[in-house]
Amino acid sequence: MATIRPDDNAIDTAARHYGITLDQSARLEWPALIDGALGSYDVVDQLYADEATPPTTSREHVVPTANENPLSAWYVTTSIPPTSDGVLTGRRVAIKDNVTVAGVPMMNGSRTVEGFTPSRDATVVTRLLAAGATVAGKAVCEDLCFSGSSFTPASGPVRNPWDPQREAGGSSGGSAALVANGDVDFAIGGDQGGSIRIPAAFCGVVGHKPTFGLVPYTGAFPIERTIDHLGPITRTVHDAALMLSVIAGRDGNDPRQADSVEAGDYLSTLDSDVDGLRIGIVREGFGHAVSQPEVDDAVRAAAHSLAEIGCTVEEVNIPWHLHAFHIWNVIATDGGAYQMLDGNGYGMNAEGLYDPELMAHFASRRLQHADALSETVKLVALTGHHGITTLGGASYGKARNLVPLARAAYDTALRQFDVLVMPTLPYVASELPANDVDRATFITKALGMIANTAPFDVTGHPSLSVPAGLVNGLPVGMMITGKTFDDATVLRVGRAFEKLRGAFPTPADHISDSAPQLSLT
């Protein structure tokens with residue numbers, strides 16, 4: 001099997017890229033030398049075809065009609081039965097459409113991925129099916145998952161079930177909307193800057209970003225290897241703990257996971273007494289320029305209510321929280337341009353299971369459909385290219401070297417407190433923008449809510465969003481963050497608050513309660 005050989009123009013382009021001067025003699029000699037080197041590529045291609053190419057799988061799927069998909073939250077629907085009985089038997093789960101399900105089309109919200117059908121199930125999909133879950137379909141996500149709102153998918157905006165004129169949040173907007181609307185029991189979300197917690201907060205459900213490396217990312221389309229997370233979106237904290245117990249643990253194929261990573265016990269202590277636990281309200285998480293005072297007040301009130309069940313609740317300053325967002329921004333931008341775009345998703349220089357078929361498909365479409373990319377992805381491309389080329393990647397290096405300082409600042413506070421609390425988001429879900437919105441507004445609306453969520457993607461701390469209440473009839477999320485690999489305590493505090501708060505209304509409850517009532521007088 002022969003790989004494609006570069007022609008003279010391709011060799012000239014490569015030489016210019018690296019600043020190499022080719023004289024006439026070099027132009028004559030290099031093609032044969034390169035051809036010889038590419039002989040190894042021929043051997044690898046043949047070996048892969050013979051020994052490692054996954055078998056083609058076909059699973060039934062349906063593209064739902066508009067009437068069947070009123071929130072535009074489904075990409076395709078399926079009904080993939082479980083591979084065995086288990087703790088999730090009888091439960092239906094939606095899979096975010098940046099996560100591979102063999103034999104089911106994948107778009108990752110983008111024209112650049114559209115048309116790809118994976119041949120492998122992601123590890124989380126395999127584990128869910130083995131635990132008895134039925135995969136009900138793929139949930140729409142943002143264009144290459146780089147948005148905190150829900151209006152950048154190439155298939156159209158995902159609508160919030162609380163108010164279809166408003167954003168569901170992103171990038172896992174379809175996942176959260178389907179759970180909130182009662183279409184599925186659980187959903188898989190992904191989180192690089194808040195993309196599990198943001199839509200969970202906007203849609204009034206529970207979203208848990210696990211400790212970095214706890215849940216294998218194998219089979220999900222990456223943005224940047226050091227901030228990629230997968231986790232559960234559910235109606236209740238109990239269901240989030242149950243789902244985490246299924247999907248957590250090392251799979252041996254993900255370089256994000258240390259050899260020592262093991263799934264914890266997230267259920268046995270979930271309903272344990274929280275008397276004596278220390279809750280730190282992070283002052284820097286409140287009062288941002290875009291914060292709604294009513295949202296800040298609702299979260300403070302929710303946090304202080306934990307004192308009613310024996311928790312100690314105090315405020316704490318963590319100045320590095322304001323710095324951590326900027327550290328994340330450099331890593332996500334330069335790292336995203338380098339790995340997600342120039343690296344065709346997977347990049348190089350790491351162990352793990354790659355998806356060469358997806359890499360090749362994305363590479364074949366990335367430039368062809370570049371103009372169709374969202375403005376947020378274009379921002380990553382243009383800024384990140386500058387950071388990598390003109391700045392030599394040094395800013396990325398500086399940011400990576402600052403991560404331990406940011407992590408240490410949170411860890412210092414977490415020696416004083418068991419968990420840290422702040423608003424998941426500074427405001428409630430806003431109205432979806434018009435199609436002709438200007439570029440600056442597009443980017444602000446897509447990324448303007450991530451100041452509290454993004455830092456914990458770069459530090460790796462587990463972080464849970466749980467509904468705290470309603471403001472103007474729309475959900476508000478309280479974010480609970482804990483020590484790395486102490487997801488159990490984070491979930492335990494979230495569960496304690498959930499019981500204290502009482503059952504949270506569903507969108508259907510809200511619409512029914514707010515509908516005009518007939519008077520029979």
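Select helix H13 (residues 439–447), and then display strand S5 (163–167) and helix H11 (375–388), against which the buried residues of H13 pack. Helices (H or I, at least four residues) and strands (E, at least two) are DSSP runs, numbered from the N terminus. The buried residues of H13 are Phe442, Lys445, Ala446 and Leu447. Buried means under 20% relative accessible area, exposed over 50%, and partly exposed in between, with a 1.4 Å probe and protein chains only.

This is a predicted model, in which local features need pLDDT of at least 70 and side-chain atom pairs count only at pLDDT 80 or more, whereas totals for chains, interfaces and linings use all residues. Residues are numbered from 1 along each chain as its sequence is written, and side-chain values use heavy atoms, with hydrogens and water left out.

**Around H13 and H11**

Keep H11 and H13 on display: their axes come within 9 Å and cross at roughly 95°. That makes H11 roughly perpendicular to H13. Axes are lines fitted to C-alpha atoms, for helices over the stretch in contact, and angles run from 0 to 180 degrees between N-to-C directions. Angles under 35 degrees count as roughly parallel, over 145 as roughly antiparallel, 65 to 115 as roughly perpendicular and the rest as oblique. On the H11 side the contact (heavy atoms within 4.5 Å) is made by Glu375, Thr376 and Leu379; H13 contributes Arg439, Phe442, Ile443, Ala446 and Leu447.

Next, select Asp438, which caps the N-terminal end of H13. A side-chain oxygen of Asp438 lies 3.3 Å from the backbone nitrogen of Ala440. A polar contact is a pair of N or O atoms within 3.5 Å; within protein, one must be able to donate a hydrogen and the other to accept it, and residues adjacent in sequence count only if both atoms are side-chain atoms.

**Two further helix pairs**

Now select helix H2 (residues 24–37) and helix H3 (residues 39–51), whose axes come within 4 Å and cross at roughly 30°. This makes H2 roughly parallel to H3. Asp35, Gly36 and Ala37 of H2 meet Gly39, Ser40 and Tyr41 of H3 in this contact.

**Domains and core**

Colour domain 1 (8–52) and domain 2 (61–203), as given by the domain assignment of the protein; such bounds come from an automatic or database domain assignment. The C-alpha centres of the two domains lie 41 Å apart. Within helix H1 (residues 8–18), select Asp8, which is exposed at 51% relative accessibility. The C-alpha atom of Asp8 is separated by 53 Å from that of Glu68, 60 residues apart along the chain.

Then select Leu128 and Met478, the residues with the most contacts inside the largest nonpolar core, which has 146 residues. A nonpolar core is a set of buried Ala, Val, Leu, Ile, Met, Phe, Trp, Tyr and Cys residues joined through side-chain atoms within 4.5 Å. Leaving aside neighbours within four places in sequence, Met478 is in contact with several residues, among them Val299, Val421, Leu464 and Phe497.

**Backbone and loop details**

Most residues other than glycine have a negative phi, and most peptide bonds are trans. Select Cys145, in the loop between strand S3 (134–139) and strand S4 (159–160); this residue has a positive phi of about 70° although it is not a glycine. Cys145 is buried, with a relative accessible area of 5%. Phe485 also has a positive phi, near 65°, and lies in the loop between strand S13 (474–482) and helix H15 (487–501). At 48% relative accessibility, Phe485 is partly exposed.

Move to the peptide bond from Gly170 to Ser171, which is cis, with omega near 5°. Ser171 is in the loop between S5 and helix H5 (173–180).

Finally, select Gln292, in the loop between strand S9 (278–282) and helix H8 (293–305). A polar atom of the Gln292 side chain lies 2.7 Å from the backbone nitrogen of Val428. Leaving aside neighbours within four places in sequence, Gln292 is in contact with Pro426, Tyr427, Val428 and Asn472.
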